[in-house]
Amino acid sequence: MPAVLTPAKKGKAIAMVEVISELARDAGVNVFRRFAFMEGLYQVEQVSFDRMVEPTDQRRPHDSDWSTERVAWGR
């Protein structure tokens with residue numbers, strides 16, 4: 001998430017999420033809203049990006065094991 005929320009990339013990331021949502025709606029398929037989920041972890045539950053992102057990932061777009069477990073088990 002931090003990798004796509006830089007000032008230069010945030011607008012494009014949000015636009016991409018909107019396009020995916022529109023395409024899914026038009027196709028009649030469900031979409032897991034990972035961006036919204038991660039945003040909720042950060043803003044509502046106040047989980048740091050350092051906890052959500054894989055610590056060995058230099059570019060920081062990949063989830064940590066902790067984040068993956070939250071998604072998989074709904075915790």
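In the predicted model, Met-16, Ile-20 and Val-31 form a nonpolar patch on the surface, and together these residues contribute about 250 Å² of accessible area. Val-31 is located in the loop between H1 and helix H2, the latter comprising residues 34-43. With a relative accessibility of 32%, Val-31 is classed as partly exposed, because that class lies between the limits of 20% and 50%.

Helix H1 covers residues 10-27 and has the highest confidence in the chain, with a mean pLDDT of 91. H1 is followed by Gly-28, for which phi is positive, near 70°.

A count of salt bridges gives one. This salt bridge is formed by Asp-26 with Arg-25, and the closest N and O atoms are separated by 3.3 Å. Asp-26 counts as exposed, because its relative accessibility is 60% and the class begins over 50%. Arg-25, at 59% relative accessibility, likewise counts as exposed.

The average pLDDT of the chain is 76, and 65% of the residues score at least 70. The lowest confidence is found in helix H4, residues 65-73, where the mean is 64. Where pLDDT is low, the predicted coordinates should not be read in detail.

Definitions and conventions. Residues are numbered from 1 along each chain as its sequence is written. This is a predicted model: local features need pLDDT of at least 70, side-chain atom pairs count only at pLDDT 80 or more; totals for chains, interfaces and linings use all residues. Side-chain values use heavy atoms; hydrogens and water are left out. pLDDT is the predictor's confidence in each residue, from 0 to 100. Helices (H or I, at least four residues) and strands (E, at least two) are DSSP runs, numbered from the N terminus. Patches are made of residues with over 30% relative accessible area and no salt bridge: like charges are joined within 9 Å, nonpolar side chains (Val, Leu, Ile, Met, Phe, Trp, Tyr) within 5 Å. Accessible areas come from the Shrake-Rupley method with a 1.4 Å probe; for residues, only the protein chains shown count as cover. A salt bridge is a side-chain nitrogen of Lys or Arg within 4 Å of a carboxyl oxygen of Asp or Glu. Buried means under 20% relative accessible area, exposed over 50%, partly exposed in between (1.4 Å probe, protein chains only).
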